[in-house]
Structures are given as structure tokens and as C-alpha cells.
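This briefing is for a reader who is new to the structure shown below. Please look over the sequence and the model before reading on.

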Amino acid sequence: MAMSASGRTLEALPDRSPRRYFIRTFGCQMNAHDSERLAGVFEADGMVAASGVDDADVVVLNTCCIRENADNKLYGTLGHLKSLKDRRPGLQIAVGGCLAQKDREVIRRRAPWVDAVWGTHNVDRSAALLAVAAQSGPVTEILEEAQADAAAFPSALPVRREQAWAAWITIQVGCDNKCAFCIVPAVRGREISRPFAAVVAEVDQLAAVGTVEVTLLGQNVNSYGRDLTTALRSDPDWRDRSATTGTAWAADERPRARPLFAELLRAVAGVEGVRRVRYTSPHPKDLRRETVAAMAEEPAICEQLHLPLQSGSDPVLAGMHRGYTAARYLEKLAMARAGIADLGVTTDIIVGFPGETDADFARTLEVVAEARYDGAYTFIYSPRPGTDAARQPERFVAPDVAAERFERLKVVVERSALAAHSARVGRVEEVLVEGRSKRDAAMITGRTRQGKLVHFPSDRPVPAGAFAQVLVTRGAPHFLVGELVEVTAMPRHRTRIPVATV
Ligand code: SAM
Ligand code: SF4
């Protein structure tokens, strides 16, 4: 008798046509990649993608809880889905991701029409939980910890990638830092690195089907492997050393804190067919010379660094528990710029952290100007329950003050980005094409090695995944405009990366 991955007996189902799923993702790249894993689990269970909510049998909201407005968006969307479910009672609604991890009971209470709730550590159970809900009613399952060795570790799950020419690869889950504003450690758990050989094997597989760009993902990528080497040092028989840590670390018997991230970068950059390697996010306190050297020496590693500053004020940085001062941050940035020619640098900044004064904020503006960023993600501080900073309401910055600082910061960031982008006018850039521009069908869109969006007109099609040389004719704060010089390589990928398990 045929069984699906969720354990359902296929013969027992009244309708044999495949069920359709639709996933709506809130939040960052990490969440977007979790959604690709979720899609992989569903497809391994026999489901197919729907084109939208209206033709879906299952709608999943993959949530984020980094900032508060995500909560509001979730409950708004759930309200809309309830009216849909009233009209189509067979529709299943599920909530996964980090807001589900944090707010499991709240979701149940505020939206009892939700069929299944799962957390960040049990995406592998998603299809099975939907089956349970279909049989016996609403179900919630949240694991408190990631399971390092289990097939449930996110990167061991099947994946259905959105793009075929470029791929995100999880190298680490969780975070061992304790930034005072941040809820990630509470909802994603402790830092667990994926074994070295598993990462390289996934990149090998992707390159074999024509993927040309990979982005390594983790909350704190420079500390990749710290947990693996610690475990090996205390127990040399823990696992096969080279599969866990790569051959360079394994061959060296001296027990020391050699950073594995730079070695991983080099190994991935050495995979035949991979032309671009990116990563996000490194923590400034852990950015090391070895990483800069790898970026400088390996042609495939892109000249792009996302180095979150958060604040330019030393007292605020101390209150955030970031582990560096503004001067130290600028030293690290200078080291990276000195080592890597033509480096594009972006950052994250929070305004209105509890206790931030006008003088603190003025210092942030100074550091931002000095850092000459190519762009920045800017945020107004949002208290997250359970974090250190949220326990100091008496120090909260008034919303109108924070909003005004936010606007002033935006002006300084955009000025710096415009200067950086204008300086590229007249250069010919290598662009990896992403397809037609969503806003203007006459334009093709792609990205430079620094990760900058470039729009250029073309009356003939240039397919996604192709490489082109583009002459930059104009710089704007958030993109470049150019003219096509020539297409240098056509895509190598097959149209769709098949569902794969690594
Ligand atoms: N691990 C990354 C790092 O340390 O750079 C950050 C991950 S977090 C998903 C992305 C960004 O969200 C942070 O760099 C920070 O600027 C912002 N962020 C996190 N918590 C926040 C909060 N409570 N309020 C406002 N912004 C926040
Ligand atoms: Fe959050 Fe800090 Fe960890 Fe980044 S490094 S995920 S900001 S705790």
C-alpha cells in the first residue's frame, strides 16, 4: 500500500489529484530559504505549488519576529484567510517560522481557524502535521532545540529552489551572541554548524546542475565551525574529522581556534562552475584576516561585505552587547577595504535603541559618513519580549524622536550610496542577469559582483542566469543604470533545480 512521506495512506484519500500549496514568506533571506525547504518537504510529500492563495489547498505563512510590525502583518493576513476558509472549508492554513516559535499559544487563541502551527526546528514535520490536522483537528508542534544530528536539521531537508542559477546555502543555524535587542537566539536556538563536507557536497551538486552563484547563510557566519572544532578537540573520535571540518583543519593536529569559515569559503569558491560566492551575515567582532585574505585571493568570492554596524555610539554599542567600539569597527572595515579591491559595503543600523541620546545618534551619522556605505538596511528599534533591551521601558526613545532620526539617517545613507554609485559611471561591470525588470518590461535586471542592482534596456531577450558586460551610465541611491555591451555567457542551469536531499 503506497504511503506518502507524511505517513498517509494514499488509497485512503478521496481525491487523488495532488494538493496545492502556497507559502507566503515574511522576513529575511534566512526565512526565504526556510520556505524553499518547506516547499521541498511538501513536494516530497506529493504536493505541487499553487500560483496563489486562490488556487491553494494549503496556505502557509512562514513568519518572522525580528521586529514588531511582523506580528501585525501576520494577524491581518490570518483575518483575510479566515474569510477565505469560511467560503472553502477544505482549505488548510498553517503558521511556521520564528513568530510561531515565540507565539504559539497567542496564535491558537487569536486565530483558532489555523490548522497547524510549527516552529523553526521542525519544518521536517510540516507535511505530517497537516495530515494530522486534516484527521483530528488543529495541531501545534514546537521543538525547543534544533537537532544537530537528525535528518531534521534544516539543510538536510529536501529543497525546492526559487531560482535555478543562484542558491542560498545554510551553513549554520542559531546564534550564540546575546545582542540586547535581538530575539534570534531565543527563537532559533544555539549556534549549530553544518558539517564542512555536507556544505561542499551541496555546492558540488548545485554546480553540477548549472548553479553559478551561491550565498552562504548564517546569523554569525565568521564563527562557523566553532562548535564543530570544540567538539572534536574534547573528543577526537567524535566524527570523521575531515568530513566535519575540512581537510586543512583535520590534517593539523595542534588544538587551536583556527577559523573554519575562511577555509569553507575557499573550498566553496574552488567548486568548478561556481563563479560567484557571497555570504551573510558576518559579525564585526569576529571578522578575521583569514576571511579577508580568502576574499582577496579567490576570484569566485564576490567583493561584497555586509557588516552590520547597528550604532556608531560606543555607549549604545555597549548597551547592545555588540562586543566592539565604533573605532574597532572602522579598523575592521579598513582592514577589509585594504585587502579587497573595489569592495562594496552595506550594513544594518538601528535607531532609537533604549537610552540613545541626540549625541549618540549624531555619532552614528558621523560613523556612517566615514564608513562610505554603498547601502544600509535601517530600522527603528522595536522592543522584543524577553530581550534585555525590552526590559528597560523607562529608557525607550519617544516614537516621534526615533522616526525623525530614522529619516535623517536615511538621507545620510542615501547620500553615501549615491556617491558610491555615481563613482561607477563609465565602468563596465559583469552582471549576472535575473530577468526582465518587474517595473519596466523594456529593461533587464541583474546584479554586479558587489551585489548592486543594475537595470539596462535590451530589445532582445537576455535570459536569467546569463552573464553580461554592462556599461554603467547612471548611479541612483538604490541601483545603477547601464547599457548592454555584450552577453558573455548563457545560462548553464536546467530550467528547474529538482527536489534534492543532501
Ligand atoms: N545576525 C545578524 C547580525 O548580527 O548582523 C542580524 C540578523 S537580524 C535578522 C537583521 C537585523 O535586524 C539586525 O542586524 C538588526 O539591525 C535588525 N534588528 C534585529 N532586532 C531588532 C529589533 N529588536 N529592532 C529593530 N531592528 C532589529
Ligand atoms: Fe541577533 Fe546579535 Fe545573533 Fe545577529 S549576532 S542574530 S543581532 S544576537
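Predicted model: local features only at pLDDT ≥ 70, side-chain atom pairs only at ≥ 80, totals over all residues.

Residues are numbered from 1 along each chain as its sequence is written, chains are lettered from A and ligands numbered from 1 in the order in which they are written, and side-chain values use heavy atoms, with hydrogens and water left out.

**Terms for the sheets**

- Helices (H or I, at least four residues) and strands (E, at least two) are DSSP runs, numbered from the N terminus.
- Two strands pair if DSSP finds at least two bridges between them.
- Strands of a sheet pair through backbone hydrogen bonds, either parallel or antiparallel.

- One open sheet has 6 strands in the order 2-1-3-4-5-6, and their pairing is parallel.
- Its edge strands are strand 2 (48-49) and strand 6 (139-141), each of which pairs on one side only.
- Strand 1 (residues 20-25) runs parallel to strand 2, and 2 bridges join them; R20 stands opposite V48 in strand 2.
- A right-handed β-α-β unit is made by strand 1, helix 1 (residues 29-44) and strand 2. Right-handed means that, with the strands pointing away from the viewer, the path from the first strand over the helix to the second runs clockwise.
- Strand 1 also pairs with strand 3 in the parallel sense, over 5 bridges, and F22 stands opposite V59 in strand 3.
- Strand 5 (residues 116-118) pairs with strand 6 in the parallel sense over 3 bridges. The bridge partner of V117 in strand 6 is T140.
- Helix 4 (residues 126-136) packs on this sheet and touches strand 3 (58-63), strand 4 (92-97), strand 5 and strand 6; contact means heavy atoms within 4.5 Å.
- The direction of helix 4 makes about 150 degrees with that of strand 5. Axes are lines fitted to C-alpha atoms, for helices over the stretch in contact, and angles run from 0 to 180 degrees between N-to-C directions.

- Another open sheet has 3 strands in the order 12-13-14, with parallel pairing.
- Strand 12 (304-306) and strand 14 (375-380) are the edge strands, and each pairs on one side only.
- From one strand to the next, the twist averages 10 degrees.
- Strand 12 and strand 13 pair in the parallel sense over 3 bridges, with H306 opposite T346 in strand 13.
- Helix 15 (residues 399-422) packs on the sheet, where it touches strand 13 and strand 14, and its direction makes about 180 degrees with that of strand 14.
- Strand 13 and strand 14 pair in the parallel sense over 6 bridges; in strand 14, G375 is the bridge partner of T346.
- Strand 13, helix 14 (residues 358-371) and strand 14 form a right-handed β-α-β unit.

**Antiparallel pairs**

- Strand 15 (residues 428-436) and strand 18 (residues 467-475) run antiparallel and are joined by 5 bridges. V428 has L471 as its bridge partner in strand 18.
- Strand 18 pairs with strand 19 (residues 480-489) in the antiparallel sense over 8 bridges, and R474 stands opposite V481 in strand 19.
- A hairpin through 4 residues joins strand 18 to strand 19.

**Ligand surroundings**

- Ligand 1 is surrounded by 14 residues, of which the closest are Q219, P308, Q310, D348 and S382. A residue is near a molecule if one of its heavy atoms lies within 4 Å of it.
- A nitrogen atom of ligand 1 is 3.0 Å from a polar backbone atom of F181. A backbone N or O atom of Q219 lies 2.7 Å from a nitrogen atom of ligand 1.
- An N or O atom in the side chain of R322 is 3.4 Å from an oxygen atom of ligand 1.
- The residues around ligand 2 are C175, N177, C179, F181, C182, V184, P185, Q219, H283 and R322.
- This shell divides into 6 nonpolar, 3 polar and 1 charged. Ala, Val, Leu, Ile, Met, Phe, Trp, Tyr, Cys and Pro count as nonpolar, Asp, Glu, Lys and Arg as charged, and the others, Gly among them, as polar.

**Backbone details**

- Most residues other than glycine have a negative phi, and most peptide bonds are trans.
- T280 and S281 are joined by a cis peptide bond with an omega of about -5 degrees. S281 is in the loop between strand 11 (276-280) and helix 11 (289-297).
- D342 is not a glycine, yet has a positive phi of about 55 degrees. D342 is in the loop between helix 13 (326-339) and strand 13 (344-351).

Notes: Polar contact = N/O pair within 3.5 Å; in protein donor to acceptor, adjacent residues only side chain to side chain.
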